[in-house]
Amino acid sequence: MPDNYDEIEREILAELADEFYAECDQLLQSLQRDLIAMEDFIDTDRFNKNLLDNVYRTFHSLKGITGTIHIDLAVKLSHKLENYLRLLCEKKAKLTNTGLNTLMSGTQKIEQIISAHRNNQSLPDITPILFIIEKLVDSTDTLSEKQIPMDAPSDSLFPLDDDEMQCIRNGLQEGHQIYRFNFKPSQELLVNGINVNVIRQRIQGIGKIVKGVPSTNEKGDVAFDFLVIGFVDQQMIDKWQNDGLKTIPHDFDNLLKTNSDNITHETQSLDLVNEKQDHNANKNVCFQVSNKATSNTVRVDLSRLDDLMQMVGDLVIDRSRLEDQLNQMKHMLPNSNRYMLDETIQSFEKKIRHLRDGIMRVRMVQINEIFERMRFTVKDVTRADQKQINLKLEGKETEIDKLIVERMMDPIIHMVRNSISHGIESPEQRKKLNKPREGLICLRAMTSGDMVVIEIEDDGKGIDLGAIEKKAREKNIIDHKTSVTLDNVLDILCFPGFSSKEKADHTSGRGVGMDVVKNAVDVLGGNITVTSEPGKKTLFRIHLPLTLAILDVLIVSVGDQQFAVPKLSIQEIIEVDPDLVTVSGQNEMILYRDKVLPIVRLSRLFNIKEQYRRFIYVMIVQKGNEFIGIAIDRIINEREIVVRALPDCFINLDGFSGATELGDGRVVLILDVQKLTYDEIKQSNSKDCVVKAAEKFVSKNKPESALSTEPYILFQLGKTTYGIPGKLVKKLEMIEEITSVPNVPDFIEGVILSRGLIIPAINLRLRFEFDKIPHTIQSRLLVIENSKHTVGLIVDAAREFISISMEDIHPPHEKMSEINKKYIEGVTKQDNRIILLINTYEILDISLSNINFL
Amino acid sequence: MKTILIVDDSTTMRRMIRATLQTLENISFKEAENGLEAIECLTLNSIDLMTLDLNMPDINGLAVLNFINSHQTLKKIPIIVITARSDEQTRDKVMAAGATQFMKKPLEPQKLLAHVERLLNTLFSEYS
């Protein structure tokens with residue numbers, strides 16, 4: 001037993017921390033969904049055993065996990081909530097409104113506790129809620145702190161209990177059929193990837209598993225029996241036989257008859273209820289085998305995906321440069337070569353686009369993650385407000401980048417709360433206005449080109465412009481001359497400090513005002529608009545770009561400077577005769593399509609010396625509900641660029657949403673067309689300022705080698721961490737088929753196909769003379785390459801990409817074994833662990849030479 | 001080389017147990033996240049020890065224990081039950097169903113290691 005066990009435990013906990021929190025999130029989400037489904041059982045005698053069991057188990061699991069990370073407060077609260085649930089499960093209490101509310105508040109509190117623990121903040125106080133739970137539990141029964149003693153379900157498929165019978169009935173009513181499946185696992189099947197989990201998923205794909213039990217015969221063979229309600233055609237059933245999955249005939253009519261006597265009247269009332277039940281609850285009436293994804297998915301850290309995006313971004317830049325340079329040289333080539341070159345350039349661009357799209361798709365999740373959470377928010381707010389809300393969700397399958405989900409979750413929660421608190425009237429008021437008692441809140445999501453549009457609409461009393469005007473004047477946000485209209489109301493609402501009080505018991509303690517919402521949208525490169533009809537409705541519309549990092553832009557020039565303008569922002573570009581521009585005081589405008597179009601000259605805006613032009617180009621962009629024209633000198637070309645954020649000190653620089661590198665060292669600022677009017681650009685935006693910004697930006701973003709850090713990929717062999725320069729690693733894969741090669745040293749496990757090449761697979765453990773261990777789920781193959789060789793290295797695990805600065809690397813220690821010294825070129829220390837840096841030259845060369853092939 | 005089967009529906013719990021036991025020499029691991037998968041794993045592989053959570057969906061740990069206990073060969077495998085349930089009734093049922101050792105959550109890594117070492121060595125000495 002190692003002496004430093006505490007240290008090891010701490011290490012393990014630190015490493016697993018992210019996983020813990022991710023799992024807590026999953027459990028909390030599942031709880032929230034299930035608790036909402038439980039609404040239908042308030043004050044009734046009806047009882048969904050499986051739903052309750054699920055909730056009980058989830059609290060139990062939460063207790064277990066939080067106990068392991070030592071969040072004692074969460075353990076205590078989970079435990080108390082479990083007590084109440086136990087009463088419900090044992091039918092010693094009926095679910096009341098208060099009870100469900102308490103469960104929901106309890107869940108939220110646990111979420112807060114975990115979050116506070118994670119961010120090292122002070123933990124919330126749970127005394128009030130503990131008190132409420134005690135009252136609940138006491139008021140129904142006097143109990144000791146015992147838990148429900150565990151019960152083993154029957155060990156054979158029949159007889160079925162009431163809930164299971166009900167599930168079958170429901171299914172039959174919907175037109176499904178009953179099946180009895182038997183699966184016998186075997187080594188052969190396992191080798192082909194067929195195991196009981198795969199079989200279960202397969203069955204779940206065609207219906208619901210009512211019951212699943214293991215069985216054994218006299219010889220000790222094990223098989224699994226499933227009772228399923230669903231539909232599958234005969235062809236499929238025949239195919240499944242090959243995978244060891246058979247159907248077993250059973251007299252189901254008999255089964256239904258014997259159990260039907262007691263249940264007829266219940267079925268009737270359930271029919272009525274079934275119609276009203278929430279979609280979620282319907283799913284839970286049946287015994288739903290847990291849907292945890294098993295081997296078909298990989299859980300990926302978002303930061304790793306960010307790295308991938310960065311790499312693709314660099315690729316885009318380099319490709320662009322290559323294209324530029326090749327285009328300059330093209331005229332030196334004969335026609336036929338020029339043609340081929342064009343084709344290759346095109347093909348290259350297409351492939352990079354595909355790659356970019358592919359990686360982006362990996363990051364996509366359904367916006368449903370946010371939408372479903374809203375149900376919870378609505379329940380939460382309406383509890384206190386006594387308002388009735390009907391929440392409609394449209395387009396919840398719309399896929400958006402995970403980052404958008406993370407950034408927009410809180411802002412959208414805030415807007416929904418606002419709608420309920422300030423928009424929707426009370427049921428009595430609504431009745432007077434001849435509106436339905438239930439207020440309607442509609443959340444919609446849809447994609448439109450490269451954008452995703454999220455709408456939040458309510459049929460409440462609309463935006464009271466007058467009240468906002470009054471409040472804004474009181475807070476000196478606007479002066480007496482300015483009036484509040486739909487065009488500027490959003491700017492005012494989003495002004496920091498506009499919304500004063502936050503009702504402490506409603507919010508989750510994270511003061512979110514409309515300004516935070518706007519900020520979140522801005523940072524993501526999107527925009528938000530509002531429309532409203534007094535007394536009728538309010539509609540917020542948020543546009544967010546799907547492609548977070550790579551943008552199609554037009555490069556335009558103004559004077560001697562160039563800027564990038566996102567293509568999507570531009571409605572149209574027109575050529576205008578300068579003589580046709582009407583001047584009125586400080587403003588210029590032209591007549592366009594029978595409407596007046598104000599013109600903003602970038603040269604004037606940025607104090608750039610204008611060049612005389614016969615015609616000027618005007619880009620027509622949409623700003624809020626109007627259009628404005630932005631005058632530029634020339635359009636240079638269209639490009640794909642990678643958006644890089646402007647350094648923090650320029651956050652207040654109006655008019656720019658970021659910057660980009662054209663690949664030849666030139667930096668170009670990206671215009672934020674929404675902010676380009678004379679009022680908004682403060683005078684300090686002189687040309688010098690713009691130039692300085694660009695210079696600072698370039699110096700901050702010099703290529704990696706100048707800052708002398710190198711990216712490294714870390715891998716594990718046993719307990720030791722090694723690092724290998726990222727540049728050399730071409731690919732990181734899971735271990736698949738290795739073809740063994742006869743008569744080679746044992747550290748060459750064989751050969752493997754990678755990216756069209758056949759390369760040797762070297763077992764690094766053996767190479768370093770460690771013990772060989774079988775491959776595990778974490779084992780990886782690192783494909784490394786130099787100009788001469790490509791080799792695959794088998795390691796125990798490889799998870800991290802870090803940057804190591806040259807200064808932090810020290811030569812290897814004297815006491816290292818000879819073999820180690822040969823392969824280790826340096827040692828570095830990071831976060832209290834030692835990383836041995838591999839001498840890749842040696843690894844690549846020594847691996848292959850000095851081998852006597854017989 | 002001994003093989004340990006870790007059964008728990010929580011990914012993190014499995015990793016934690018695995019990380020704890022990985023300090024032992026010559027051990028390989030298998031994991032299962034529900035009862036059915038655990039039983040399948042026991043039948044298709046040669047498992048020397050199993051850690052079992054009780055709180056799992058579909059068939060719970062107790063059912064798994066009962067099943068194993070009624071199986072001629074499988075019942076010889078030492079089983080350490082690791083659970084958040086702390087009541088006496090559960091403990092009694094679990095031991096009666098053939099569990100070799102009962103441990104409570106939150107996990108105490110030292111104790112787990114000690115039990116595992118003891119049980120695996122016993123196994124070894126049976127054959128020597």
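Q: In what order do the elements of chain B run from the N terminus on?
A: In this predicted model, the elements of chain B follow the order β-α-β-α-β-α-β-α-β-α, read from the N terminus on, and its secondary structure comes to 5 helices and 5 strands.

Q: What share of the residues of chain B count as buried, and what share of its contacts with a separation of 6 or more joins residues 24 or more positions apart?
A: Of the 128 residues of chain B, 51% count as buried, a label that calls for 20 or more other C-beta atoms within 10 Å. Among the contacts in chain B with a separation of 6 or more, 62% are between residues 24 or more positions apart.

Q: Why is H13(A) called roughly antiparallel to H14(A)?
A: The axes of helix H13 (residues 302–329) of chain A and helix H14 (residues 335–362) of chain A come within 10 Å and cross at roughly 165°. Angles over 145 degrees count as roughly antiparallel, and therefore H13(A) is roughly antiparallel to H14(A). The crossing of these two helices is left-handed.

Q: What makes up the contact of H13(A) with H14(A), by class?
A: The residues that meet include Leu305(A), Val312(A) and Glu323(A) in H13(A), and Leu341(A), Phe348(A) and Arg356(A) in H14(A). By class, this contact has 14 nonpolar, no polar and 4 charged residues.

Q: Why is His70(A) called exposed?
A: His70(A) has 11 other C-beta atoms within 10 Å, and a residue counts as exposed at 12 or fewer, so His70(A) is exposed. His70(A) is found in the loop between helix H2 (49–68) and helix H3 (72–89) of chain A, and its phi is near 65°, a positive value in a residue other than glycine. Most residues other than glycine have a negative phi.

Q: How do you know that Asn434(A) is exposed, and where does Asn434(A) lie?
A: With 6 other C-beta atoms within 10 Å, Asn434(A) is exposed, since the label applies at 12 or fewer. Asn434(A) lies in the loop between helix H17 (427–432) and strand S8 (439–448) of chain A, and has a positive phi of about 65° although it is not a glycine.

Key: Residues are numbered from 1 along each chain as its sequence is written. Chains are lettered from A and ligands numbered from 1 in the order in which they are written. This is a predicted model: local features need pLDDT of at least 70, side-chain atom pairs count only at pLDDT 80 or more; totals for chains, interfaces and linings use all residues. Helices (H or I, at least four residues) and strands (E, at least two) are DSSP runs, numbered from the N terminus. Two residues are in contact if their C-beta atoms, placed from the backbone, lie within 7 Å. Axes are lines fitted to C-alpha atoms, for helices over the stretch in contact, and angles run from 0 to 180 degrees between N-to-C directions. Angles under 35 degrees count as roughly parallel, over 145 as roughly antiparallel, 65 to 115 as roughly perpendicular and the rest as oblique. A crossing is left-handed if the near helix is turned anticlockwise from the far one by less than a right angle, and right-handed if clockwise. Ala, Val, Leu, Ile, Met, Phe, Trp, Tyr, Cys and Pro count as nonpolar, Asp, Glu, Lys and Arg as charged, and the others, Gly among them, as polar.
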